Amino acid sequence: MDKFDSVCITTYAEKEVNYNLFESLWIPCSAKFVTLGATPTSNGVIQIYELNNGKVELIKEKKHDRSIKCGTFGASSLVNRHLATGDFCGNLDIWDLETSTSIYSVKAHQNVIFSVDGIAGRSLHCGAPEIVTGSYDGFVKVWDPRQKEKPVAIMEPLDEMKRQCWAVTFGNAYNSQERIVGAGYDNGDLKLFDLRNMALSDEFNLPDGICSLEFDRKDIKMNKLLATGLEDNISLCIMRNRSSYQYPIITERVHRSTVWCGKHLPQNRDIFMTCGGSGSLCLWKYNYCSDDPSSDSGALKVIQNNTVTNQCITSFDWSPDKIGLAVCSSMDQMIRLMIVSRLNQYSQ
């Protein structure tokens, strides 16, 4: 029997809300998570929940005058655990969740911020804390929370080639000088920006619009980059093994719907979850095909799958502290705590 045959995806707890859910994120070093969304009147909502004796309890709520689309804890220290959010009016805010106040706010874009990512908050030797935003206006901007108003880097599209940027991510931060921003666009373009040299380092096109991007780990040399998108597109770009012209790309299609997000397991970078518009979750394992990891592209295998709702799953986040524990949100206005069993023996 394969060692993953006993892995199971189960719903541990559910909570219904009265607003549209766009993001759910674990608060690091806690049994709490935060949800982000918008009411029917276009007000933003930030809610903090705690897992207590098997129940999901609301402990704090913050209303905002603008609908909130996305968020990240990636640029905050584990002491502060400040939440950065992007909203539908193009504003970037950083929130102190203890006081429910915005401690940093800037008009980052002219239109909705579709995606935001942060880096250096949890690591000691990978450079300054920074936040990257991608927007409907096609711009990708990098912000240092210690500096006000102006971005530290801008990736501006040509007018005749302007596309909506749907996904951004940081990677390649294996020392304090190196840093890469990955950006995915509505036409399937994937661009890699080298922040050290302030230049476009690579670009290629995937079959469909890119809904999410994530490196398997941010604080190592580029190894694998997961992209999910429209038309059931799941692409794993093998960044460590490049030919003269392009990176090897493994493409799979199993959800039969748009794949809205993909997230690597923090304790094992070769395992990740993808979330479909049909309400399905698929757990994947990347396998190296030889003893030499740099010699080939490898292969993907579905470990387990489960349909948890008949509505689109809009977000998914693994707990960084408890292996196999996750939170996801969906368009049926439900928050679900998920448990993926028997992963602890495969942690790295």
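1. A cavity is here a set of grid points where a 1.4 Å probe fits but cannot get out, and its volume is the space filled by probe spheres set on those points. In this predicted model, a search of the whole structure finds one cavity of 30 Å³ or more, and the largest cavity holds about 50 Å³ of space.

2. The lining of the largest cavity is made up of I46, I48, K60, E61, K62, W95, D96, L97 and S100. Strands β4 (44-52), β5 and β8 (91-96) are the elements that give two or more residues to this lining, and β5 contributes the largest share, with three residues. By residue class, the lining of the largest cavity divides into four nonpolar, one polar and four charged residues.

3. Turning to nonpolar packing, the largest nonpolar core has 19 residues, of which M273, L281, L283, F316, W318, V340 and L343 touch the most other members. Each of the strands β22 (259-265), β23 (268-276), β24 (280-287), β26 (313-318), β27 (325-330) and β28 (334-340) supplies at least two residues of this core. As general background, nonpolar side chains tend to be buried together in soluble globular proteins.

4. Which residues does L283 touch, when residues up to four places away in sequence are not counted? The contacts of L283 are V7, I9, I271, F272, M273, K301, V302, I303, Q304, W318, V340 and L343, and among them M273, W318, V340 and L343 are also listed with the core residues that touch the most other members.

5. The count of salt bridges comes to 16. One of these joins D87 and R66, whose closest N and O atoms are 2.7 Å apart; D87 lies in strand β7 (residues 83-87) and R66 in the loop between β5 (55-64) and β6 (68-72), so that the pair links distant parts of the chain, 21 residues apart. D87 counts as buried because its relative accessibility is 1%, and R66 counts as buried because its relative accessibility is 18%, the cut-off being under 20% relative accessible area.

6. Another salt bridge is formed by E130 and R179, with the closest N and O atoms 2.8 Å apart. This pair also links distant parts of the chain, with E130 in strand β11 (residues 130-135) and R179 in the loop between β14 (165-171) and β15 (180-185), 49 residues apart. Both E130 and R179 are buried.

7. The salt bridge between D208 and R253 has its closest N and O atoms 3.7 Å apart. Here too distant parts of the chain are linked, 45 residues apart, with D208 in the loop between β17 (199-205) and β18 (210-215) and R253 in the loop between β21 and β22. D208 is buried, because its relative accessible area is 16%, whereas R253, at 42% relative accessibility, counts as partly exposed. Salt bridges that share partners also join D65, R66, D87 and D93 into one network.

8. Finally, is S257 buried or exposed? S257 counts as buried because its relative accessibility is 14%, and S257 is found in the loop between β21 (249-252) and β22. Leaving aside neighbours within four places in sequence, S257 is in contact with E231, D232, G276, G277 and S278.

Conventions
Residues numbered from 1 in each chain as written. Predicted model: local features only at pLDDT ≥ 70, side-chain atom pairs only at ≥ 80, totals over all residues. Heavy atoms only, no water. Core = buried A, V, L, I, M, F, W, Y, C linked by side-chain atoms within 4.5 Å. Buried < 20%, exposed > 50% of the residue type's maximum accessible area, 1.4 Å probe, protein only. Helix = DSSP H or I, 4+ residues; strand = E, 2+ residues; numbered from the N terminus. Contact = heavy atoms within 4.5 Å. Salt bridge = Lys/Arg side-chain N within 4 Å of Asp/Glu carboxyl O. 1 Å grid on protein atoms, 1.4 Å probe; cavity = no way out; pocket = protein on both sides within 12 Å on 5 of 7 lines; lining within 4 Å. Nonpolar A, V, L, I, M, F, W, Y, C, P; charged D, E, K, R; others polar.
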